[in-house]
Amino acid sequence: MGKMLYRIMLIGALFLCFSLPYTGKMSAQNTSSPFLKINNYYVLFTAPKAPYIDQNNRYMVPLRSINDLLGGQTTFNPTSNTATIKFGTHKVEFKMNSTEIVTDSSTSVMDTVPVLYKNAMFVPLGVLTKHLDIHQEWDQQNKLYSLSGKELMKTPMMENVEDLDHFREQVANENAFQLLSYKLTMGEKIHLDITAKNMTGKKISEGIEDLNTTFIFSDDSTAGENRNRKRPSIDKDEIVTREYDIDYVKTIENKKIIKKELSYVLFKGRTLKP
C-alpha cells in the first residue's frame with residue numbers, strides 16, 4: 001500500500017487522543033502571532049519553527065515550506081548563500097542577510113532580510129507571493145494572512161494529505177470554524193490545544209463537526225484524526241476547544257531507535273454532510 005493513514009512503524013505506536021469540545025461559553029483569545037492560511041488550511045507549524053513576524057513586520061516562513069505547501073521549486077546555493085524559487089513562469093532569488101531581491105530579470109530592495117535558523121533559511125512570504133503573483137489578503141481584525149489559488153498546494157505532500165482524508169467527499173462547509181488560538185508544545189510527546197468558533201451562523205447538529213488536524217512527520221508519515229470519535233452538537237457562535245496528544249513516530253534504523261521529527265501541523269475547521 002503506497003498511501004495509508006498510518007505508515008507501519010517498527011517501534012512506537014502513533015497515538016492520537018481527541019477530547020470532546022468544551023461546551024460552555026468562553027471569551028475569544030487570539031494568539032499573539034497572526035495566523036497563516038493557505039486555501040482552506042491553517043498552517044500551525046513548519047519545521048524547524050512556526051511561521052513568525054520579524055522585527056520589520058514581515059511574515060517569515062522556511063524555504064522548504066514554499067516547496068511542500070505552495071508548490072514552488074526551491075534550490076539553495078551554499079556558496080553564494082542564495083535561494084532561488086520558481087513558481088509558474090516567475091522566479092525570485094533571495095540572498096542570506098541581504099535586502100537585495102532578484103525577480104525574473106530585475107533587481108530591487110526589500111525592507112527585511114532572509115535569515116538562517118537551525119540550518120533553515122526563512123524568507124519573507126509577502127515579498128515572495130507578491131512577485132509570484134499569488135493572491136494574498138490580510139484580515140486585520142482577525143489577524144489572518146491568507147493565500148489562495150487553484151495552483152497552490154499541488155504538491156506530492158499535500159496530495160498525500162488529501163488522499164488520506166477519508167471525509168473529503170463528505171464535506172459540507174470547508175470554513176465552518178474560525179481559528180481563535182492554539183498552543184503547540186513538543187516535549188516527550190506532542191501536545192496541541194486549539195480554540196475555534198462556529199462561524200456557520202446556526203447550530204451544528206450532532207455528528208457533523210470536523211475540527212480536523214493533520215500532523216506530518218519528517219519521514220512523510222501522516223497522522224489524521226480518529227474517524228470514529230464522537231462529534232457533539234455545537235451551538236450557534238459557540239467557541240470550542242480541542243486537545244491533542246500524540247507520540248512521535250519511531251522506527252528502527254541500523255538497530256537504533258530513530259525519532260521522526262514533526263514537519264508540519266495543518267488545521268481545517270469544517271462540517272460534514274449529515
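The second largest cavity is lined by Leu36, Ile38, Val43, Thr46, Pro51, Val61, Ser65, Ile66, Leu69, Leu70, Leu125 and Leu147. The model is a predicted one. By class, this lining consists of ten nonpolar and two polar residues, with no charged residue. Strands β2 (35-38) and β3 (41-46) and helix α1 each supply at least two of the lining residues; α1 gives the most, with four.

Helix α1 spans residues 63-70, and six of its eight residues are buried. These are Leu63, Ser65, Ile66, Asp68, Leu69 and Leu70. After the helix comes Gly71, which has a positive phi, near 105°.

The search of the whole structure finds three cavities of 30 Å³ or more. Two of them are set out below.

| Cavity | Volume | Lining by class |
|---|---|---|
| Largest | about 180 Å³ | six nonpolar, five polar, five charged |

The largest cavity has a volume of about 180 Å³. It is lined by 16 residues, of which Leu164, Asp165, Asn212, Thr214 and Gly224 are the closest to its centre. Strands β18 (209-217), β19 (222-223) and β23 (262-272) each supply at least two residues of the lining of the largest cavity.

A separate site is Thr84, in strand β7 (residues 82-87). Thr84 counts as buried because its relative accessibility is 15%, and the cut-off for buried is under 20%. Apart from neighbours within four places in sequence, Thr84 is in contact with Gln73, Thr74, Thr75, Lys91, Val92 and Glu93.

Notes
Residues are numbered from 1 along each chain as its sequence is written. This is a predicted model: local features need pLDDT of at least 70, side-chain atom pairs count only at pLDDT 80 or more; totals for chains, interfaces and linings use all residues. Side-chain values use heavy atoms; hydrogens and water are left out. Buried means under 20% relative accessible area, exposed over 50%, partly exposed in between (1.4 Å probe, protein chains only). Contact means heavy atoms within 4.5 Å. On a 1 Å grid over the protein atoms alone, a cavity is a set of points where a 1.4 Å probe fits but cannot get out, and a pocket is an open set with protein on both sides within 12 Å along at least five of seven lines; lining residues have an atom within 4 Å of a point. Grid points are joined across faces, edges and corners, and a volume is the space filled by probe spheres set on the points. Ala, Val, Leu, Ile, Met, Phe, Trp, Tyr, Cys and Pro count as nonpolar, Asp, Glu, Lys and Arg as charged, and the others, Gly among them, as polar.
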